[in-house]
Structure formats: C-alpha cells, structure tokens
Amino acid sequence: WFLEPQLAKEIRTLHGIVGNAIAMKHHIIVGTGSTQLFHAALFALSDTKGKKPLDVVSAVPFYSSYPVMTDYLQSGVYSWAGDAASFKPDLESSYIELVTSPNNPDGTIRQAIVNGTGSVIYDMAYYWPHFTPITYPADHDIMLFSVSKSTGHAGTRIGWALVKDSVVAKKMVKFIELNTIGVSKDSQIRASRILNSITHAYTRKGTAPYKLDKNIDGSLIHKPDDIHKPDDHLYLFHYGYAEMESRWRRLRAVIDGSDLLSIEDFPPAFCSFFGEETIPHPAFAWILCKMENDCHALLKAEGILTRSGIHFGAGSQYARLSMLDRSAIFDVLIDRLSRIKFPEVILTYS
C-alpha cells in the first residue's frame, strides 16, 4: 500500500502514547500531505456510477480550502454543497460531511451535525496536546492527520489516514496509485525518523500522563535549559504547549485592551496526555471586528496579514490570524497589533 513499515509502526506508537486516536484497528493510508488523502477519501466514498454528484458539506466556519479542493477538478462524481448546518440530505442519496476537529479556523471541537446516513471524514490534523486537550481517543471511520501539524515538519509532505473499512482503504490507495504512483519513500523514511525521535523520548520518560514543566509559582517553563541539547530530554509536545501558551497569552494581552477586536475564550478541559486541565491554544486566532468592518482589510492596512472570514463561509467581519509563524515574525505581529490606535484606524479606514 506504498506505506513504509517503519512509518506505520511509528504512527501507531505515537497515537498510543498521545492517546488522541485508536490506530491499532485501523488501516493506515499514507499520502503526500493530508490534501492528497482528502481527495482520495472523496474518491473512495463516492459512487462513480451515481445519477448526480455526491454532495460535500461542512459547517461554517469551514476550512477555506474545502470548497476549492472539492470543485477544482469539476468532477461529476462529487461537488461542494455548502454549509452542513443548513444542508437537508435527500433520503434517496448519500452525502459526505467534512468535520475538522479542532476546527480550522476557530479552534472549536466538532462532531458531525447532519441528520442523515451519509459518510463523514474527520480532519483531525490539529488534535494534538500542544493545540488542544486530549479528552478522548478518536475512533471514527476515516481520520486524517499530518506530520505538518503534529511536529511542524510541513516540508516533508507526509500525511496519513486511519481508515476502518478495508474496501474504502483499498479505494483510497488506488486513487494514490493513479494520482502519484505512490508516496515518496525518502519522505516516509524522514517522517518515521522524526516521529521516532518523539516517541523514543516519551517512551524513556515512562507512560502518560506526562506532567507539564512548571516553575515554583505554577507558571510554565517556556524554554527549558536543555532546549538546544541533541538528546532525549526535549519533549516536543511540552515545548509546543509552552510556546503556544506564551503566544496566546501575549495575543490576549493586546486584544483584551481593544474595543474593536475580540477573540474566543476557550474553557479548560482535562487532558489525558498531560494529566491535568489545560486550555486550548489553537493554530489560528479567529478574530472578530466588533464594528462590522472588513477585518482583513483593516488589519492589512496596519501591515498584518490575515485571511478574510468570507473564505470560510463566514462574514467579512471575521479574519483568521496564524499563530504558527516563526518567533521573530510573531514578535513583529504583536508589536504591530499593540501599536494600533483603534479609534484612529476606524476613522481612517472609513
């Protein structure tokens, strides 16, 4: 199935350590990033002999690439049908619901909402402990993950799907065979080494829960003293959680002082990986401009790049802000946000 045995082993081990998905009883399908797996899943779940294209839906705000990717090839087999919340399935036909959890762009935990018997694809790329509390081991029929979001190695271009049904799994593999004649062995070997460095460190540490590193006053140790040491004492998810916690704390300090912008508050939840309550720190901030302005244009005028809410099926008063850029760039972002004099910005923009 184009899957390197060592990569399969590391994927199962990683999910077992983190506890975010039940991987042992699923087939593992490797792809060139989760984007290829998304197309493979659509192909596998569709009826190529159907009378009309299969409807593909997702609840607003949905991942902005879903409509574009679904309709890009102008397939007669499936087509984008919009917001899952307003979708009414035909009793005589099936559909595919896309569920991103945690959601991109707003970071919320989601479940399927369409009242029907269609297929569901769960994109769980962000369900890792540095982004959100691990509250249960996911056991859905189709789940998509990637090296990009789990470890940050986006350039490796490796994703994987956990698939229960063997027929669906074989159809996905067939799509990948026809699409790219397999998946780069070099990338798979690199990905397996990356995952092994993580699983090996945590295996030596013991078993979950893996407590967060904290100072005497209870604050997180943001940058451990051994952060640059090439040994097994660097625990990726601990470092990632501390980094994301710091970034969100800095962003909230700026946004909370604004009468114009707001971001969502996330309630804490018990994380089985860390063994304590943690707060979600999503990969993106879903910003609301309270005065109904074009949030993307307003922030762009201040040298801050976002993606407009209209791409996610929401209004232009929303904008998605990445929390994942390099540290130096994130420092510039916080500086520019803190320098905005919002009343003057509104007058100038108006």
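In what order do the four strands of the open sheet lie? The order is β8-β11-β13-β12, with antiparallel pairing; strands here are DSSP runs of E of at least two residues, numbered from the N terminus, and two of them pair if DSSP finds at least two bridges between them. At the edges lie β8 (261-262) and β12 (307-308), each of which pairs on one side only. Strand β12 is joined by two bridges to β13 (residues 318-322), and the two run antiparallel. Here Arg 307 stands opposite Arg 320 in β13.

The model is predicted, with local features needing pLDDT of at least 70 and side-chain atom pairs counting only at pLDDT 80 or more, while totals for chains, interfaces and linings use all residues. Residues are numbered from 1 along each chain as its sequence is written, and side-chain values use heavy atoms, leaving out hydrogens and water.

Another place to look is the loop between β4 (95-100) and β5 (119-123), where Asn 103 lies. Asn 103 counts as buried because its relative accessibility is 5%, buried meaning under 20% relative accessible area with a 1.4 Å probe, protein chains only. Beyond its neighbours within four places in sequence, Asn 103 is in contact with Pro 61, Thr 108 and Arg 110, where contact means heavy atoms within 4.5 Å.

Notes:
Buried < 20%, exposed > 50% of the residue type's maximum accessible area, 1.4 Å probe, protein only.
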